[in-house]
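Student: Hey, can we go through this one together? I'd like to start with the charged pairs.
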Amino acid sequence: MVSYVFPPPPVAALPIKGSDALFPVRRIFCVGRNYAEHAIEMGSDPTREPPFYFTKPADSVVINGADTPYPSVTKSLHHEMELVVAIGRGGRNISVADALSHVWGYCAGLDMTRRDIQNEAKKTGRPWDMGKGFDKSAPMGLLVPAAGVNPAKGKIELKVNGKVTQTSDLAKLIWSVPEVIANLSELVELAPGDLIMTGTPEGVAAVVRGDVLEGFVEGVGDIRTKII
Ligand code: MN
């Protein structure tokens, strides 16, 4: 029998709508610049880039409705509202045609970003980890099973203190959900429990303590968190 030198960490997990069971989170992959208007607002040309990825730790998830602490060492915490894909069946070199059969479900999520640290990393050619993968950087809504969800279209929106800051449609994803799954599965072997944050539309902006963030993805669900 295995013994550990200290108790292993708790399993990071997401609640599921209408169920007492939890979805155990293995890894969190995030797609960079996957809506043209957001790529342009970040100073990039959306027509020239293949998809690229960064990651967040599994335990960076914030459960829907819980508060999100303002992180250390930043003066520019940005919201990025995103559709999140939850993988239920793993694989490598998954085809685009087969990709959606690997999806367990979906939720609405926020890719919280220390924009000042990320911008400095871009300038100096350093990794994005501390701009993206910090503690509590991934608030997630309740998961819903994939059946009945069409990730090819549907409104995606975020309100901060009741005012719309981001609004777009999943139809504007540069790389569709099946294309992202297929491409990512060439780079790593996907496994059950992996989450994929699919990218944010335009309108990203800084938040401060006290702000209430309420997002939704049509046909998927809501995400709510308060910055404290
Ligand atoms: Mn993002």
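Tutor: A salt bridge is a side-chain nitrogen of Lys or Arg within 4 Å of a carboxyl oxygen of Asp or Glu. This is a predicted model, where local features need pLDDT of at least 70 and side-chain atom pairs count only at pLDDT 80 or more, while totals for chains, interfaces and linings use all residues. Residues are numbered from 1 along each chain as its sequence is written, and side-chain values use heavy atoms, leaving out hydrogens and water.

Student: OK, how many salt bridges are there in the whole structure?
Tutor: A search finds nine. In one of them, Asp 111 pairs with Lys 56, with 2.8 Å between the closest N and O atoms.

Student: Is Asp 111 buried or exposed?
Tutor: Buried, because its relative accessibility is 0%; buried means under 20% relative accessible area, exposed over 50%, partly exposed in between (1.4 Å probe, protein chains only). Lys 56 is buried too, at 3%.

Student: New topic: which residues hold the manganese ion?
Tutor: Its protein donors are Glu 80 (OE), Glu 82 (OE) and Asp 111 (OD), 2.0 to 2.1 Å away. Donors are N, O and S atoms within 2.8 Å of the metal (3.2 Å for Na, K and Ca), and water is not among the atoms, so sites may look incomplete.

Student: What does Glu 80 form a salt bridge with?
Tutor: Arg 115, at 2.8 Å from N to O. Glu 80 counts as buried at 5% relative accessibility, and Arg 115 does at 4%.
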